[in-house]
Amino acid sequence: MKKLIAFNWKMNPASKKEAGDLLKIYLKTLTAKPYTLNAYFIVCPPFVYLSKIATSINRSRIKLGSQDIFWEESGAYTGEISPAMLKDLGVEYAIIGHSERRQYMGETDEMINKKIKAALLAGLKVILCVGETLLIRKKGKKEVENFIKKQLVSDLKDLKNASSFKLQASNLVVAYEPIWAIGTGVPCAPKDAQETIGFIKSFVASSLKLQDLIVLYGGSVNSQNVKSFVQLKGIDGALVGGASLKKEEVEKIINQLK
Ligand code: PGA
């Protein structure tokens with residue numbers, strides 16, 4: 001199965017000129033590769049660059065994702081962006097529940113659940129982020145699994161029998177992102193990531209009857225370690241943050257996955 005690599009630019013870069021230059025690196029590296037790449041790629045820039053980027057990419061080579069969405073379709077929600085607006089721009093994926101939003105913007109599992117439902121209803125594919133703190137990881141595997149199970153139960157609540165959309169393995173991706181590994185330069189040990197991802201898959205398979213869920217690893221992934229994750233059975237790809245802003249890193253990551 002092809003690996004999925006999602007690049008999350010977070011709140012970067014600072015200007016549309018830099019965003020355009022960064023995108024060019026992706027396009028150049030991908031164009032130099034044959035269509036038989038063993039991976040597919042998603043770029044998730046800030047909202048303000050989506051429109052421009054949507055018109056510059058060939059979506060059969062690289063897909064477009066947003067870093068968040070709001071759960072209402074339209075209305076008096078100052079500052080928010082609806083799934084329909086994103087869909088209309090050509091956005092295919094929405095990252096939902098990133099730990100930075102949970103931490104800094106006070107996003108709760110209840111809000112995340114509403115966002116997931118709204119995204120699926122609008123026909124967007126969801127990349128749901130889950131992951132534990134260092135304190136929990138230090139307590140051991142069982143604690144990690146219990147924590148993630150709780151997040152999954154709340155975030156994916158009422159999705160199984162929803163009548164307005166059909167939940168399937170093609171429209172839900174989960175990213176296992178231990179909080180302590182994000183932006184720290186200290187990734188999770190690949191074996192531990194594999195084990196937790198195995199847990200996520202079996203939990204979702206039994207609770208939602210969703211087989212073949214795609215699960216990514218995220219947290220300090222770079223060109224040096226990306227292979228050590230994606231080569232492991234069960235790890236279907238990576239969510240890349242900091243490295244997605246660096247020219248050489250982007251080139252090396254894409255080139256390695258050919
Ligand atoms: P990082 O971020 O690669 O900079 O650790 C990953 C993420 O937050 O998605």
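Tutor: The expected span of a helix is 1.5 Å times one less than its number of residues, and helices (H or I, at least four residues) and strands (E, at least two) are DSSP runs numbered from the N terminus. This is a predicted model, in which local features need pLDDT of at least 70, side-chain atom pairs count only at pLDDT 80 or more, and totals for chains, interfaces and linings use all residues. Residues are numbered from 1 along each chain as its sequence is written, and side-chain values use heavy atoms, with hydrogens and water left out.

Student: How far apart are the end C-alpha atoms of helix α8?

Tutor: Helix α8 covers residues 190-208, which is 19 residues. At 1.5 Å a residue these should span 27 Å. The separation of the end C-alpha atoms agrees with this, at 26 Å.

Student: Which residue just after α8 takes a positive phi?

Tutor: The phi angle in question is about 55°. The residue just after α8 that takes it is K209.

Student: In what order do the strands of the closed barrel run?

Tutor: The barrel has eight strands with parallel pairing; two strands pair if DSSP finds at least two bridges between them. Neighbouring strands of this sheet are turned by 25° against each other on average, direction ignored. The order is β1-β2-β3-β4-β5-β6-β7-β8.

Student: Which residues of strand β8 point the opposite way from G237 and L239?

Tutor: In a regular strand the side chains alternate between the two faces of the sheet. Strand β8 (residues 237-240) has G237 and L239 pointing one way, and all four of its residues are buried. Pointing the other way are A238 and V240.

Student: At what angle does α7 run to β5?

Tutor: Helix α7 lies across β5 and β6. Angles run from 0 to 180 degrees between N-to-C directions, with axes fitted as lines to C-alpha atoms, for helices over the stretch in contact. The angle of α7 to β5 is about 145°.

Student: At what angle do the axes of helices α1 and α2 cross?

Tutor: K16, A19, L23 and L27 in α1 (residues 16-31) meet Y49, I53 and S56 in α2 (residues 47-56). The axes come within 11 Å. They cross at roughly 35°.

Student: Is S99 buried or exposed?

Tutor: S99 is found in helix α4 (residues 99-104). Leaving aside its neighbours within four places in sequence, S99 is in contact with I179 and I182. At 10% relative accessibility, S99 counts as buried.

Student: What distance separates the C-alpha atoms of A169 and A193?

Tutor: A169 is found in the loop between α7 and β6. Not counting residues up to four places away in sequence, A169 touches L210, Q211, D212 and L213. A193 is 24 residues from A169 along the chain, and their C-alpha atoms are separated by 20 Å.

Terms used. Buried < 20%, exposed > 50% of the residue type's maximum accessible area, 1.4 Å probe, protein only. Contact = heavy atoms within 4.5 Å.
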